[in-house]
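User: I have a model open and would like to learn how to read it. Please take me through the features in turn.

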Amino acid sequence: MRRFQPVESVATLLDRDNIDTDQVLPAAFMRGIDPDYGAGLFALWRRDPAFVLNRPGWEKTAILVSGANFGCGSTREHACWALDEFGIRVLIAASFGEVFRDNCIRNGILPIAAGAEGLARLRSMLRDTQDPVHLLVDLATQRVTSPGFEMAFDLPAADKTALLEGLDEIGMTLLEATAIDRWESAEKAGQPWLQTLRTPL
Amino acid sequence: MATLFDKIWDAHVVGPRQDGRTLVYIDRHVIHDLHAPPAFAKLRKTGRDVRRPDLTVAVTDHMVATSTGRTTSTIPKSAPFLERTRSGALEFGIRLLGIDSPMQGIVHVISPELAIALPGSTVACPDSHACTVGGIGALGLATGTTEVVHVLATQTLAWNKPRQMRIVLDGGLAPDVTAKDVILFVIGHWGSDMARGHAVEFAGPVARALPVEGRMTLCNMVTELGGRAGLVAPDASVAAWLKGRAFAPQGTDWGQAVQAWKALYTDADAVFDQDLCIDCGTLEPQITWGIDPAHVIGLSGTVPNPETAPVAERAELRRALDYMQLQPGAPIAGVPVDRVFIGSCTNARLSDLQAAAAVVRGRHVAPGMHATVVPGSTMVKREAENLGLHQIFLDAGFDWGEAGCSMCAGVNGEEGSPGQRIVSTTNRNFAGRQGAGVMTHLASPETAAAAALAGCIVDRRAVQ
């Protein structure tokens, strides 16, 4: 997985609570051999020409700002794939669906559970302007900044390491690669028939 | 003081991962045409390689057509899945058992049949019925798509050790009662989530007396109990069943393997999180009446009446009766049936087809009946044809298909029409599982065959 780099992007406000994963990615976009998850992101909302992601200046947003319980509902990891393929790197919300939050970490997306005061300031700043507002999100220093705005955030150390090092599930397991090598050698000595799958005649 | 599950699990623990999960080594990874294409795509996208292509096998089963003369393009929607499974297997150096292979078949049927799965081995498969291989004492672990990529890249799974449950199957089975009837009875008795978070070992005289293929039927439906894995301790009959199969160990390996398998049992003083016992001595053949695998009754039984059920259950019972178009309190025998499906990883091994053929022999299906046999594997099909079973079915008016998941998974479009009632040897009777508005009754191959002849649900003892 890619290492998490500082993100500078226009911030997009989805000014509501309880945005569930069916809104993030409708189920219809999970079917078929080659689904375009990015095209499915907020697909029902994007049908509305006035929806923020359709407005000039916001099409390439990498930062979403929202309310409580973002990513609740179905545990589909596809919702994270949709965010990722669209280009979203950071979610700033009051809280997240539990499984969804873990899936974000595994997919290289930073889920910031912001403090009430900082989030309120951020939401009102975005709400009060018609112009794009750019934010800089730096995970190393755990700060969100913009001219005239600054907010610190918390993140469990293991999640921070996973994101900064680009450790997805597989990356985390491959930290134990020598243990896996060792285990294979031991099985080859003890139960050799399990370390081979003989090509049949 | 270890359980059978402890012994297999502990022997495969690589170590802890930094997030506290346990890395469990996977001896065999068997993937199929529904989940292989997205997994291959994800591997490519992340630039990773397959760690042990030599321990990985890909098979086409979910998406293939099962009609005679099939090709990879018989079902247009399936064609890209089959093509990407083929091209991905080629790219990553994985052995593919496609429809042109004599070893093709349903992943859970071919894994033991080809001795890809072995007693004491861990077998990962991206399908909830991975637990089937527990019938030969292999630990089958079901995974999702993301975990497939993880196993491909690392040959391990990151799991938390499940809790453990033993179900002692006591008594002896009446002659007409099969492994399918036993597992349906267990699910009906305890409910479809009683084993949630548990690995289940079946023990006791009934489990021991079951033939190897019946043990697979038993373990197959552990997932309908909510369990993570199912096991029966392997005995000498398992070694005899495996000997000489395509991928079975050979020479000195075989002798050593058989010796090692003798240690695969639960120690007398081992303790389970839950230790249960059920008497199977008075069992009659079972069938589902509703839309949950736990909606089970005996063939002489009557459909439940919501009005006399506990208040908390009434709404669910009414919903099930409504979907299934059944009258409360009515006998299940005599309910008219439109179709019969004999197939799936639950009940399409050779012994299942033999049992169904014994019921069908010399008779004919009821007028208007659409009855189908889909062998569990191409090898089962060939063996059945060598025994002349196909002729018995064809003479009786059954269709005789090619191997695949077909109407069980229904993902390839082979399904029933709205309003049709099907007696099916499969494992799931959820509303719409075999097509929108299709009413499914799960039963043994014998009971399904008898329904095809009678044109209604019937106790096969009555048609003989």
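Analyst: Start with contact: two residues are in contact if their C-beta atoms, placed from the backbone, lie within 7 Å. By that rule, 21 residues of chain A are in contact with 34 residues of chain B. This is a predicted model, in which local features need pLDDT of at least 70, side-chain atom pairs count only at pLDDT 80 or more, and totals for chains, interfaces and linings use all residues. Residues are numbered from 1 along each chain as its sequence is written, while chains are lettered from A and ligands numbered from 1 in the order in which they are written.

User: Which elements give two or more residues to the side of chain A that touches chain B?

Analyst: Helices (H or I, at least four residues) and strands (E, at least two) are DSSP runs, numbered from the N terminus. Here the elements are α8 (169-174) and α9 (177-190) of chain A. α8(A) gives the most, with five residues. For residue classes, Ala, Val, Leu, Ile, Met, Phe, Trp, Tyr, Cys and Pro count as nonpolar, Asp, Glu, Lys and Arg as charged, and the others, Gly among them, as polar. This side of chain A divides into 15 nonpolar, two polar and four charged residues.

User: What does pLDDT average in chain B?

Analyst: pLDDT is the predictor's confidence in each residue, from 0 to 100. Chain B averages 96, and 99% of the residues score at least 70. The model scores ipTM 0.92 and pTM 0.89.

User: Which residues have the most contacts inside the largest nonpolar core?

Analyst: A nonpolar core is a set of buried Ala, Val, Leu, Ile, Met, Phe, Trp, Tyr and Cys residues joined through C-beta atoms within 7 Å. A residue is buried if 20 or more other C-beta atoms lie within 10 Å of its own, exposed if 12 or fewer, and partly exposed in between. The largest core has 154 residues, and those with the most contacts inside it are Val123(B), Val182(B), Val340(B) and Ala451(B). Beyond neighbours within four places in sequence, Ala451(B) is in contact with residues including Val337(B), Val340(B) and Val423(B). A second, separate core of 46 residues includes Phe29(A) and Leu91(A).

User: Are the faces of strand β19 of chain B covered or open?

Analyst: Both faces of β19 (residues 439-442) are covered: Met439(B) and His441(B) on one side, and Thr440(B) and Leu442(B) on the other, are all buried. Two strands pair if DSSP finds at least two bridges between them. Four bridges join β18 (residues 421-424) of chain B to β19(B), and the two run parallel. Arg421(B) stands opposite Met439(B).
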